[in-house]
Amino acid sequence: PSGLDELAGLVADGDVLVLSGAGLSTDSGIPDYRGATGSLRRHTPMTWQTFCRDPRGRHRYWARSFVGWPQMAAARPNAGHSAVARLQRAGLLGGVITQNVDGLHQAAGARDVLELHGGLDRTVCLSCGDVAPRAELHRRLRAANPDFGPRADEVNPDGDAELPEEVLDGFVMVDCRACGAGPLKPDVVFFGETVPRERVDTCFRMLEDSAGLLVLGSSLTVMSGYRFVLRAAELGIPVGVVNLGPTRGDARADVRVDAPLGDVLPELARRCGA
Ligand code: OAD
């Protein structure tokens, strides 16, 4: 695809920081938010405000998430994730800032992965702060819901599944294993929630130490990721964007490749000898 030579030039000197988004995981069977078949076209995501203030909304979220989790947990890294890990091992890519909550970079063997929006594989108690593995909560939920068995066709990128309203009420939520209270929250940043300041500052430091910024599969619609493109441009750090379709960062990109990541990244790794 056009731009691949320039892209290889961008990463050739090494230490390029990755900023990844939902488009990197579509080949793993997890839809994106705003792409051609993005989840926001048919699904209203949980917001931080609803999660905090509306116990019924929270209960429904956990019912949908209970049904979606097995699909999320079964998702496997794809050729794009693997190529990122290989390019890292070859020293061409440095750290990875990911907006994804699916853990697939780590599963592919990437290192220095900063989960900007958290990870679905753990929960946090909003009363006592206990952080627990999601798999453990799922076991407890299965025991509390032996007969709650609706199946979902598709999981959303936030790990929850669409379910008919009438089945949601039959779901039983459990309390925090540590304090017996709760509420429990997946350790992810919801729509309308802000990313912790120290996490953002860590990302800015990673960027300042980098020779380039490579955006992979993100529309950059959300400021939380887009701000790193703005800062890179301010610092004079070259920016590459690989994405199907336009992104908010295109005007600031030095290199732009509009092609599937599953083709571009393995080819980039091959050309770079990684
Ligand atoms: P988006 O869904 O906004 O953007 C994903 C982009 O990837 C779209 O432009 C797709 O066209 C593109 N894409 C999809 N599959 C691709 C493929 N195989 N190859 C190349 N490009 C592909 O997702 P993000 O930008 O990651 O935050 O969304 C950012 C944040 O918005 C999410 O982290 C989430 C949401 O609000 C929170 O939940 C806090």
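Two helices, H9 (223-235) and H10 (261-271), each put at least two residues into the lining of the largest pocket. H9 is the top contributor there, with three residues. Helices here are DSSP runs of H or I with at least four residues, strands are E runs of at least two, and both are numbered from the N terminus.

Bear in mind that this is a predicted model: local features need pLDDT of at least 70, side-chain atom pairs count only at pLDDT 80 or more, and totals for chains, interfaces and linings use all residues. Residues are numbered from 1 along each chain as its sequence is written, and side-chain values use heavy atoms, with hydrogens and water left out.

As for terms, everything sits on a 1 Å grid over the protein atoms alone: a cavity is a set of points where a 1.4 Å probe fits but cannot get out, a pocket is an open set with protein on both sides within 12 Å along at least five of seven lines, and lining residues have an atom within 4 Å of a point. Points are joined across faces, edges and corners, and a volume is the space filled by probe spheres set on them.

Here are the volumes and lining classes; Ala, Val, Leu, Ile, Met, Phe, Trp, Tyr, Cys and Pro count as nonpolar, Asp, Glu, Lys and Arg as charged, and the others, Gly among them, as polar.

| Site | Volume | Lining classes |
|---|---|---|
| Largest pocket | about 990 Å³ | 23 nonpolar, 20 polar, six charged |
| Second largest pocket | about 220 Å³ | six nonpolar, four polar, two charged |
| Largest cavity | about 80 Å³ | seven nonpolar, three polar, one charged |
| Second largest cavity | about 40 Å³ | four nonpolar, one polar, four charged |

Back to the largest pocket: 49 residues line it, and Ala22, Tyr33, Arg34, Ser218 and Ser219 lie nearest its centre. Ala22 and Tyr33 also turn up in the lining of the largest cavity, along with residues including Ile30, Met72 and Asp102.

The second largest pocket has a lining that includes Phe66, His138, Arg142 and Phe148. Helices H3 (55-74) and H6 (134-144) are the elements giving two or more residues to this lining, and H3 has the largest share, with four.

Searching the whole structure for cavities of 30 Å³ or more turns up two. For the second largest cavity, strand S5 (131-133) and H6 each supply at least two lining residues, with H6 taking the largest share at three. Among the residues around this cavity are Asp130, Glu136, Arg140 and Arg177.
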